[in-house]
Every structure is written in structure tokens, then in C-alpha cells.
Amino acid sequence: MNVSERKAPLESRQGHTTTGLLVRRLYAQYLRPYVTPLVIAVVFMAVSAAGTGANAWLMEPILDDVLISRDQNMLIWIPAAVIGVALLKGGSDYLSRVLIGMVGHRVIRDIRKDMFAHLMGSDLAFYTANSSGRLISYFVNDVNQLETAASNAAVGLIKDSLVVVCLVAVMFIQDWRLACVAFVAFPSALVPIVWVGRRMRQLSATTQKETATFTSLLGEVFQNAREVKTYGAENYETEHSAKACDRLFLLSMKVVRVITFIRPLMEVIASVMIAAIVVYGGHQVAAGHTTPGAFTSFITAMLLAYQPMKSLASINVSLQRSLASAQRIFTLLDLEPSIKDRPGAVLLPQTNGTPPGIEFQSVTFSYDCDGQNGHENGKSVNLPALEDVSLTIPGGQSVALVGPSGSGKSTFLNLIGRFYDVVGGAVRVGGVDVRDLKIADLRSHIALVSQDIGLFDATVAANIAYGRQATNHDEIIEAAKKADGDEFIRALPQGYQTPLGERGIRLSGGQRQRIAIARAFFKNAPILLLDEATSALDSQSEHSIQSALEQLTMGRTTVVIAHRLSTVRKADMIVVFDRGRIVEMGSHDQLQARDGLYAELYRMQFHPSVDGDHTDGDAAGQGPDLLRWPTKTIGS
């Protein structure tokens with residue numbers, strides 16, 4: 001799979017929104033709370049712009065009164081006026097930029113907060129469809145584009161517009177006929193400026209998407225560095241990253257060409273305007289219709305107006321790039337999670353200390369994988385992960401799920417916590433459909449220990465107490481002891497205050513799993529989900545915490561996915577899955593007596609094969625591994 005083939009489901013939803021709609025939405029959602037400092041900043045900008053106009057106007061008395069009339073009094077007043085204008089202009093410019101900068105950074109802060117809060121409310125399917133690198137790109141690349149607009153483009157747009165207005169006013173005051181001549185060429189400059197802005201909007205959107213893809217690639221490669229090196233894929237990934245860099249380079253060059261085009265265009269327009277004004281104005285001075293000072297003041301105002309007009313053209317380019325990022329951000333914020341509280345959602349009923357039971361009633365479920373599961377007649381097909389599954393788990397009992405990979409065991413666990421919603425049927429916890437329960441309350445009653453251990457770059461104590469604001473250190477230590485982790489934790493450089501690194505990289509697999517088990521002890525939830533909770537432990541380590549796990553499951557409704565028979569045997573009921581269906585259920589002895597699929601598995605793992613490859617794993621203290629699933633399937 002090359003870089004361009006890496007899917008971007010979120011970006012596929014993006015459409016086109018007009019500039020006006022985006023600007024109005026930015027104002028309504030993020031700028032309106034800061035209207036007062038914005039208005040004050042605009043007032044200071046107007047004062048600064050008026051100072052620029054005053055400098056142009058002062059050219060008339062400098063030439064007519066000082067240089068031509070040689071008025072000595074003006075040698076005092078004009079320099080004082082120039083210094084005063086400079087002080088007023090500089091102070092106003094400073095204050096306006098500080099205020100605009102404050103507003104801009106607050107807006108960026110608010111957007112980042114809203115984006116993160118929105119993502120925290122998104123369902124698990126969203127994270128499955130969008131890589132972490134691509135999502136991080138929204139917070140870094142797209143927000144940075146908006147930050148540039150807030151700190152530079154916004155200031156330039158308002159200030160330069162006011163400067164142009166003030167200078168144009170000076171031009172009309174000095175000679176309205178010359179001013180009209182100067183503005184004959186102005187409309188011709190608008191057409192290419194508008195075209196450049198639209199082109200930049202398109203290029204910026206494409207560049208941001210490509211940057212997100214590249215960020216996603218980097219994240220995947222860095223997180224899987226060991227696999228890359230193990231399989232000798234360094235050249236393979238280097239080639240892919242090089243292609244992504246080439247695409248970004250080509251897009252960047254297109255942006256450079258578009259941006260660079262506007263500058264010589266404005267130079268040509270300005271030169272035509274100046275040439276026309278010099279010819280016409282020279283005749284006016286020669287005919288005595290205007291003074292040299294007034295004409296010089298006019299020319300100065302026009303030349304001073306040239307720079308902000310050129311800047312406005314460049315600001316439009318920057319603005320369109322920022323609006324492309326704003327469109328991507330709003331697309332993200334507009335995505336509604338499919339898993340959310342229904343109106344009138346209720347809390348899980350109190351059971352007077354009895355853990356809630358779990359019921360699956362004719363449950364059918366399939367993952368929306370955009371055709372990755374299979375194709376039929378050119379159309380995507382979502383194969384069912386569970387099909388017509390019915391099972392009742394009384395409160396306080398333990399159920400073990402066994403079956404080959406992909407048979408639906410992990411999906412079963414995900415539906416209990418409502419990480420996904422069923423396609424058909426219902427899942428009930430405590431007698432209530434999980435879709436009618438408040439999600440936060442439902443999940444507060446569930447503790448999960450998974451083979452895919454989620455640890456954070458925080459201390460050991462913070463990882464064990466994850467999700468709790470106020471914690472008792474003694475409770476953390478007690479949970480670690482129950483998980484057989486206290487000894488190795490105290491041996492770490494800083495004990496319970498030792499940072500674990502990203503995903504707990506500083507710990508071994510078994511140590512990470514003990515931390516996850518300690519977290520479940522600490523949460524003390526009435527429903528316990530164990531998804532191969534001891535898969536990373538050796539037989540000795542597993543044996544040492546087996547009693548702790550038995551203590552953890554006591555008095556709780558427990559669902560276990562286990563590949564080792566030591567856990568399966570002690571469950572109140574064993575449920576055998578195959579191809580999304582329940583094919584057998586019962587106790588260990590009942591399933592053995594039935595002589596079905598489970599019994600065949602048991603015989604394969606507890607008796608040597610003809611070739612002598614298999615040994616009695618349980619006798620060796622390891623227990624048979626249910627991953628070695630028999631080739632026989634139902635109906636074969």
C-alpha cells in the first residue's frame with residue numbers, strides 16, 4: 001500500500017463552503033465574545049492609518065511653505081508635527097497589534113479546546129476510521145494556518161484597508177480629478193486578485209490533506225519502528241515517505257508560483273497609474289491649476305497607498321489558505337458521534353450490592369469498513385461480526401468466551417460497553433437496553449483489561465488511578481499488590497512516581513499487563529471484562545496473580561476472553577464462538593461430555609499429536625493455548 005492509498009474517511013466528507021459563510025461562522029462562534037477588544041483595536045488602527053495620511057498631507061506645506069516660500073515659522077511647527085504624528089502612529093500601531101494578537105491567540109485556544117472536547121465525545125468507530133497522525137494534523141497544521149491569519153492577515157486586512165482609505169481621502173482632498181484618473185486602473189486589478197485567492201483556497205486544501213497523510217505515515221512508521229526493522233522495510237518506508245515529500249514539494253511550488261504572480265502584476269498596474277498621474281499632474285502644475293506642493297502631496301499619498309494595496313492582494317492569498325483550514329476544522333466539529341446519549345437516558349438501576357446481569361437478545365452486528373471486509377459485484381460488503389447471538393449472564397457469574405480469531409469474542413465485549421451499537425437485537429445491562437442508559441454511567445460500572453494495553457506517558461501511580469481526579473495513594477499501592485506489581489514498581493528508579501514513557505515503553509509486556517490489572521482493581525467496578533488479560537505473562541507470573549484475578553472476579557459479573565484453560569475451566573459457563581455465532585455453551589465438563597468442537601480442541605491440546613509436536617501444556621503449568629484452533633468447523 002503506497003502513501004496515497006492510505007484512507008482518510010474524515011477528509012472524504014469535506015465539501016466546499018463559501019468565504020462569506022466561513023467568515024460569518026468564525027465570527028459567530030469564536031470572535032463575538034471578543035468584540036470589545038476588537039473594536040478598540042480597530043480604533044487604534046484607524047488612528048495609525050490617519051497618521052499615515054497626515055504624513056502624506058504634510059508634504060504640501062513642506063514643499064510650498066518651507067522650500068518655496070521659505071517660511072521660518074514652519075521650520076518649527078512642521079518638524080514638531082512630524083514627530084507628534086510618528087509618536088501617535090507608533091503607539092496606536094503597538095496597542096492595536098497587542099489587542100489583535102490577544103484575540104487571535106484566544107480564538108486559537110478556544111478552537112483547540114472545542115476540537116479536543118469534540119474528539120473526546122466521538123465514538124470508537126471514528127478513531128478506527130481516522131489515524132492519530134491525521135487527527136493530530138488538524139491541531140497542528142490547520143490550527144497554525146488559522147493562527148497565521150489571526151496574527152497577521154487580520155491585522156493587515158483591517159489596518160491596510162484603513163490606510164488606503166485615509167490616503168485616498170488625502171488624494172481627493174488635494175485633487176479630485178487626479179484621484180479619478182488614478183482609480184481608472186483599480187478595477188482591472190481586482191479580477192486577478194480574486195482569481196489568485198480562489199486558486200490559493202484550492203491549493204491550500206489539497207496541501208493540508210497531503211500534509212495530514214504524511215503526518216499519518218510518520219506516526220505509523222515511528223510507532224512500529226521495531227516491525228519496520230524486523231522485516232527490513234526501511235527502504236520500503238523511505239521510498240513511500242520520499243514520494244509524499246515529492247508531492248508536498250510540487251504543491252508548495254504551485255503555491256509559490258501563485259503567490260509570486262500577484263506581485264509583478266501589482267507592480268505593472270502601479271507603474272501605469274504613476275505614469276498617467278505624472279503626465280496629467282505635470283500639465284496641471286504647468287498650467288497653474290495646482291501647486292507643486294499639492295501635486296507632491298498627491299504623489300506621496302498615491303505611492304504610500306501602493307504598498308498597502310499590494311499587501312491586501314497578498315493578504316487575500318493568506319486569508320484563503322486560512323479559510324481552507326477553517327473549512328477542514330469545521331468539518332471535524334460538525335461530525336456528530338453515532339454513539340451518544342438518547343433523550344431521556346437513565347442511570348443503571350441500583351441492585352443493592354448485586355452486580356448487574358448482561359443479556360444479548362438476537363444480536364447482529366457488522367463493522368462499517370468501507371468495503372475492507374469484502375466485495376460483491378463491485379460493491380462493498382460488511383460481513384457480520386456477530387449474527388443472531390443470544391446469551392444471558394446472571395449478575396455475579398463469570399462467562400468465558402473461546403473461539404478462533406475473528407469469531408466475534410472481542411466484538412461481544414465492545415457491545416457491552418456500548419463502544420458500538422448493535423445492528424439488530426438488543427444488549428441489556430441490569431435489565432435496561434444499553435442504548436437507553438447514560439453512556440458515562442454505564443462505563444463507570446465496567447472495568448476492562450485488554451491484551452492491547454493502554455498506558456500513558458505519566459507516572460505509575462497516575463496510570464493505575466487513571467480517570468480519577470482525587471486519589472488515595474494507599475489504595476493505589478493496594479491495587480498494585482493485588483495485581484502482583486508492587487515489588488517491581490518499587491524497584492523502578494522513582495517507584496510509583498516513575499514516568500512510564502509513551503504506551504509504557506519502559507516496561508516489559510508482563511509489567512504493563514500488571515499495571516492494567518492493577519487499574520481494574522483500583523476502579524472496583526461491578527462488571528469486569530478481561531480480554532486475554534494474562535496473554536503477556538509467562539506461566540510463573542500468571543500463576544502468581546491467578547489468585548488475585550480470582551479475587552478480582554468474586555462478586556462481579558465477569559466476561560473473559562482467554563486462551564489458557566486454567567481460566568476457562570473455572571468459569572461458570574464457557575461459550576464457544578465460531579464465525580460470529582455461538583455454537584456451544586456449558587461448563588467444562590458438560591462441553592467435554594457433548595464431544596463437540598470444544599472437546600476436540602481439548603483433545604488436541606492435552607494429548608501429543610502423531611508427530612509429537614504437542615505436549616500436555618496444562619501439565620507443564622502453561623495450560624493449552626486455544627489459538628491452536630482445530631481445522632474442523634461446524635458442518636464439516
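## A tour from a surface patch to an enclosed strand

Select Y27, V35, V39 and V43: together these residues form a nonpolar surface patch of about 310 Å². Patch members have over 30% relative accessible area and no salt bridge, with nonpolar side chains (Val, Leu, Ile, Met, Phe, Trp, Tyr) joined within 5 Å; a salt bridge is a side-chain nitrogen of Lys or Arg within 4 Å of a carboxyl oxygen of Asp or Glu. The model is predicted: local features need pLDDT of at least 70, side-chain atom pairs count only at pLDDT 80 or more, and totals for chains, interfaces and linings use all residues. Residues are numbered from 1 along each chain as its sequence is written, and side-chain values use heavy atoms, leaving out hydrogens and water.

Next, show helix 2 (residues 35-57), which supplies the largest share of the patch, 3 residues. Helices (H or I, at least four residues) and strands (E, at least two) are DSSP runs numbered from the N terminus. V39 lies in this helix and counts as partly exposed because its relative accessibility is 46%; partly exposed lies between buried (under 20% relative accessible area) and exposed (over 50%), with a 1.4 Å probe and protein chains only.

Now move to strand 5 (residues 398-402). Its 5 of 5 residues are buried, so the strand is largely enclosed by the rest of the structure. S398, A400 and V402 cover one face, V399 and L401 the other.

Notes:
Patches are made of residues with over 30% relative accessible area and no salt bridge: like charges are joined within 9 Å, nonpolar side chains (Val, Leu, Ile, Met, Phe, Trp, Tyr) within 5 Å. Accessible areas come from the Shrake-Rupley method with a 1.4 Å probe; for residues, only the protein chains shown count as cover.
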